[in-house]
Amino acid sequence: MTVKVQLEDFDLSTEVAVLRRANPKVGAVACFIGAVRDLNEGENVSAMVLEHYPGMTEKALEAIIERARVRWPIADAVIIHRYGPLAPTDQIVLVAVATAHRGDAFAACEFIMDYLKTAAPFWKKETLENGERWVDSREHDHAALEKWAEPGTPKAD
Amino acid sequence: MKIQLKFFASVREALGVADELADVPTAVVTVGDVRTWLQARGGVWAETLAAGRTLRMACNHEMTAPETRLTEGCEVAFFPPVTGG
């Protein structure tokens, strides 16, 4: 299990190769990459800065992977999240999950991203044509967590 | 009690402070109390940390509820809802 919070870009192929490590028990790898778009809420975005909480961020991402491991038999997983200045088309985040079967890989990858969106201390500030703005958190990110709620567990914040 | 305060993103910008070592009075025992105590400074503090503002709080690197009790030397952070990914 690997968590990296870094300024630098990452390479999907390299990360997946490390994740698989010729492990014959891995029959499936699901990956998600999030990238910077040039349009958000109707405004042109020319640049972005990602701030995070050093120390807490790494712990939060590790806790999310642990939460996923309780639910799915994960052979290995990696989360890489960038911070600092970014431009449209830049990669922001990678989540990759290796499992024996595809259903677990798809589900765990989506679960990790959904939790990351609401629990990992990152904040985006966009540069627009007429100034800068902090991106607001979205209600649908919180709604996305509801599909992972297990019977009898309190609703996720 | 001495605690470490941290502020992030729009909260940090509004307050003009990223971190502060604070010596809180004995009546301040929870993370929520810290918020109220900081509001009493008035000005941008009252505005930014106002009860109606949606803020997240962390204590020792864990997202936490206002009822969480402080411990000597703990790190308390205030920030807006997160927007990573």
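1. Two residues are in contact if their C-beta atoms, placed from the backbone, lie within 7 Å. On that basis, for chain B, 56% of the contacts between residues at least 6 apart in sequence join residues at least 24 apart. In chain A, 75% of the contacts between residues at least 6 apart join residues at least 24 apart. The model is a predicted one, and the points below should be read with that in mind.

2. The make-up of chain A comes next. Chain A contains 4 helices and 9 strands. Read from the N terminus, their order is β-α-β-β-β-α-β-β-β-α-β-β-α. The radius of gyration of chain A is 16 Å, close to the 15 Å given by the globule rule for 157 residues, so chain A is as compact as a globular protein of that length. The C-alpha trace of chain A spans about 50 × 40 × 30 Å along its principal axes. Of the 157 residues in chain A, 32% are buried.

3. Chain B has 3 helices and 5 strands. Starting at the N terminus, the elements of chain B follow the order β-α-β-α-α-β-β-β. A compact globule of 85 residues would have a radius of gyration near 12 Å, and the 12 Å of chain B agrees with this. Along the principal axes, the C-alpha atoms of chain B fill a box of roughly 35 × 30 × 20 Å. Buried residues account for 33% of the 85 residues in chain B.

4. In soluble globular proteins, nonpolar side chains tend to be buried together. Not counting residues up to four places away in sequence, Val97(A) touches Ala30(A), Ile74(A), Ala77(A), Ala105(A), Ala108(A) and Cys109(A).

5. Helix α3 of chain A also takes part in a helix pair. Helix α2 (residues 56-71) of chain A packs with α3(A) at an angle of about 145°, and the two axes are 10 Å apart. The crossing of α2(A) and α3(A) is right-handed. On the α2(A) side the contact is made by Ala60(A), Leu61(A), Ile64(A), Ile65(A), Arg67(A) and Ala68(A), which meet Ala108(A), Phe111(A), Ile112(A), Tyr115(A), Leu116(A) and Ala119(A) of α3(A). By type, the residues of this contact of α2(A) with α3(A) are 11 nonpolar, no polar and 1 charged.

6. Where do the two chains meet? In chain A, 21 residues are in contact with 14 residues of chain B. On the side of chain A that touches chain B, the elements giving two or more residues are α2, α3 and β8 (122-128) of chain A. Of these, α3(A) gives the most, with 5 residues. The residues on this side of chain A divide into 12 nonpolar, 5 polar and 4 charged.

7. Arg12(B) deserves a look when the model is inspected. This arginine is found in helix α1 (residues 9-15) of chain B. Is Arg12(B) buried or exposed? Arg12(B) counts as buried because it has 20 C-beta neighbours inside 10 Å, and 20 is the number from which a residue is called buried. Leaving aside neighbours within four places in sequence, Arg12(B) is in contact with Phe7(B), Val17(B) and Ala18(B). The C-alpha atoms of Arg12(B) and Thr30(B), which are 18 residues apart along the chain, are separated by 21 Å.

8. Phi of Arg21(A) is near 40°, which is positive in a residue other than glycine. Arg21(A) is placed in the loop between α1 (12-20) and β2 (28-35) of chain A. With 10 other C-beta atoms within 10 Å, Arg21(A) is exposed. Glu41(A), also not a glycine, has a positive phi of about 50°. The loop that holds Glu41(A) runs between β3 (39-40) and β4 (43-52) of chain A. Glu41(A) has 11 C-beta neighbours inside 10 Å and so counts as exposed.

How values were computed. Residues are numbered from 1 along each chain as its sequence is written. Chains are lettered from A and ligands numbered from 1 in the order in which they are written. This is a predicted model: local features need pLDDT of at least 70, side-chain atom pairs count only at pLDDT 80 or more; totals for chains, interfaces and linings use all residues. The radius of gyration is taken over C-alpha atoms; the globule rule is 2.2 Å times the number of residues to the power 0.38. A residue is buried if 20 or more other C-beta atoms lie within 10 Å of its own, exposed if 12 or fewer, and partly exposed in between; C-beta atoms are placed from the backbone. Axes are lines fitted to C-alpha atoms, for helices over the stretch in contact, and angles run from 0 to 180 degrees between N-to-C directions. A crossing is left-handed if the near helix is turned anticlockwise from the far one by less than a right angle, and right-handed if clockwise. Ala, Val, Leu, Ile, Met, Phe, Trp, Tyr, Cys and Pro count as nonpolar, Asp, Glu, Lys and Arg as charged, and the others, Gly among them, as polar.
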